[in-house]
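Please look through the structure shown below, and keep it in view while you read. The briefing that follows takes up charges over rings, aromatic pairs, disulfides and a sheet, in that order.

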Amino acid sequence: MLLSRARLCTLAAVLVAAGISGIPADAATTQASTCVDAAGRAWMSKVVWGEEYTDGSGLRRLRLVSAGWTTAGHRVPTHAVVRTYSGARAQVQELAWSGSFDYRGAGRWRSVKPVNPAAAPGISKVTLSLGQDGSGEGGCTTTFRHPVLEQVDPSAAKWWSADLTGIPVGPMNCDKYASTATVLALRKQWNHWDNCGGTVVSPAAEGLPAPPGSRGPVVRWRKPAGDPNVYQKLNRTFTRANWPVGGTDDTTSGSPPDVSARYQAYLYIPSDDFVLNPEHGWAQLLQFKEDYTDASGRWHQDPLWAMGVHNFSGTLQGGLWPHDKRTFDLASYMDRWVQWEFRLYQGDRDDTGRGGRIELWADGELLDTGYESEGHVGSAARSPLSRARAWVWIAGPYTSNQTTNGVPDYRRTHVTTYVGPSRILPLA
């Protein structure tokens with residue numbers, strides 16, 4: 001039995017990947033996902049992680065309770081391969097299983113017990129490759145990474161977060177000034193946006209799994225081809241008066257003198273609806289800016305560091321801007337929720353002796369690093385602190401709007417992105 005799109009969306013909504021961050025070290029964590037093999041059969045898979053422990057040799061490991069799978073069928077001939085990795089590439093076990101199994105219409109799971117990998121949050125992983133045995137068609141693979149079992153500093157509860165819980169589903173209008181229930185609720189978490197294309201949506205209604213650990217809605221940004229709204233971004237403004245909590249929209253006390261922190265945001269980028277201009281399309285998906293006035297009193301808001309992607313080489317490559325070293329393929333981070341993170345070490349907080357550094361992480365894996373010599377890391381970047389008015393953290397797409405052969409990029413660029421829970425944490 002093959003699944004219709006509607007049935008697949010329903011199952012994807014039910015299988016929630018839960019508890020990825022901020023969970024107790026002794027709690028069980030279930031991650032679940034769905035993939036479709038080359039024959040069109042949908043497979044649901046899940047991994048249950050247990051607690052961390054120290055083995056007899058003194059190595060920290062994470063207990064793997066089980067890895068399992070199911071599909072909407074009954075006696076389905078199945079070929080499954082479960083691979084476990086201690087670290088990003090070091091495969092430590094491969095378990096293959098072939099046989100006919102009665103899944104009872106996706107009501108029953110087949111499972112195995114993999115070996116326990118080394119404890120490496122966001123890096124050690126398990127992959128499940130699934131397909132219908134004997135069909136002659138290819139299977140599909142899902143990757144589950146070691147949950148981030150971080151013990152968050154209790155003081156982090158006083159730092160800003162936007163989990164989107166309690167925000168009514170509905171359009172966000174074209175700016176923050178509408179008086180709808182959706183806009184009024186969202187503005188308490190993200191305090192500014194000024195372009196059309198945003199909607200607060202239910203992940204299940206979009207055919208998406210919920211973001212890890214979340215039961216709330218998410219923000220969908222959609223820019224169809226030809227739409228000139230290339231600045232589709234959520235902003236959270238911080239000043240001396242409200243750093244790091246957020247809260248009041250004070251914009252007169254000036255930028256915080258030190259904005260060292262961990263900036264996290266969950267993003268979902270659908271591969272079938274993220275298309276950039278074929279000649280030189282680019283997008284920045286996470287960004288820092290700062291409001292300031294110049295010596296003549298004129299107001300500016302300039303971009304500082306960002307996570308960006310482009311297709312200049314034909315494929316979507318990403319990395320840190322402005323040093324613009326392409327360090328990852330965006331395809332590896334599409335069609336799933338990914339926790340992106342900047343770790344910003346301003347001034348003396350940088351222990352490398354370079355006067356400042358910024359790191360880009362994805363699901364607990366370090367991808368890229370920039371330093372003060374490439375662009376100021378932190379507040380007072382383009383003006384003295386006395387003229388720096390506000391520090392701005394941004395999540396959402398800013399797409400290119402140059403002109404290629406007389407045709408603006410935005411006419412050929414159509415992108416959809418989703419923003420889930422976001423937060424700022426103190427550095428360790």
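R343 lies over the face of W361, at 3.8 Å from the ring centre, where a charge is said to sit over a ring if NZ of Lys or CZ of Arg is within 6 Å of the ring centre and within 35 degrees of the ring normal. This is a predicted model, in which local features need pLDDT of at least 70 and side-chain atom pairs count only at pLDDT 80 or more, while totals for chains, interfaces and linings use all residues. Residues are numbered from 1 along each chain as its sequence is written, and side-chain values use heavy atoms, with hydrogens and water left out.

**Charges over rings**

- Besides the pair of R343 and W361, K233 is placed over the face of Y398, at 5.0 Å from the ring centre.

**Aromatic pairs**

- The structure holds 22 aromatic pairs, and rings of Phe, Tyr and Trp (its six-membered ring) pair if their centres lie within 6.5 Å, with planes under 30 degrees apart counted as stacked, over 60 as edge-to-face and the rest as tilted.
- The ring centres of W243 and Y263 are 6.4 Å apart and their planes stand at 35°, so this pair is tilted.
- W243 is in the loop between β13 and β14 (261-268) and Y263 is in strand β14, so that the pair links distant parts of the chain, 20 residues apart; helices (H or I, at least four residues) and strands (E, at least two) are DSSP runs, numbered from the N terminus.
- W243 counts as buried at 18% relative accessibility, and Y263 counts as buried at 0%, where buried means under 20% relative accessible area, exposed over 50%, and partly exposed in between (1.4 Å probe, protein chains only).
- The rings of F288 and F342 also make a tilted pair, because their centres are 5.2 Å apart and their planes are at 55°.
- F288 belongs to strand β16 (residues 282-293) and F342 to strand β20 (residues 337-346), 54 residues apart.
- F288 is buried at 1% relative accessibility, and F342 is buried at 0%.
- One aromatic cluster includes W243, Y263, F288 and F342, and W159 and W391 are also among its members.

**Disulfides**

- A disulfide is a covalent bond between the sulfur atoms of two cysteines.
- The structure holds two disulfides, each identified as a pair of cysteine sulfur atoms within 2.5 Å.
- C35 and C140 form a disulfide with their sulfur atoms 2.1 Å apart, and with 60° about the S-S bond this link is right-handed.
- Because C35 lies in strand β1 (residues 29-36) and C140 in strand β8 (residues 140-145), the pair ties together parts that are 105 residues apart in sequence.
- C35 is buried at 10% relative accessibility, and C140 is buried at 8%.
- C174 and C196 form a disulfide with their sulfur atoms 1.9 Å apart, and the torsion about its S-S bond is about 105°, so the link is right-handed.
- C174 is partly exposed, with a relative accessible area of 31%, and C196 is partly exposed at 26%.

**The sheet**

- Six strands form an open sheet in the order β13-β23-β16-β17-β18-β19, with antiparallel pairing, and two strands pair if DSSP finds at least two bridges between them.
- β13 (234-238) and β19 (325-329) stand at the edges with a single partner strand each, so one side of each is left without a neighbour in the sheet.
- Strand β17 (residues 299-310) is joined to strand β18 (residues 317-321) by five bridges, and the two run antiparallel.
- H310 stands opposite Q317 in β18.
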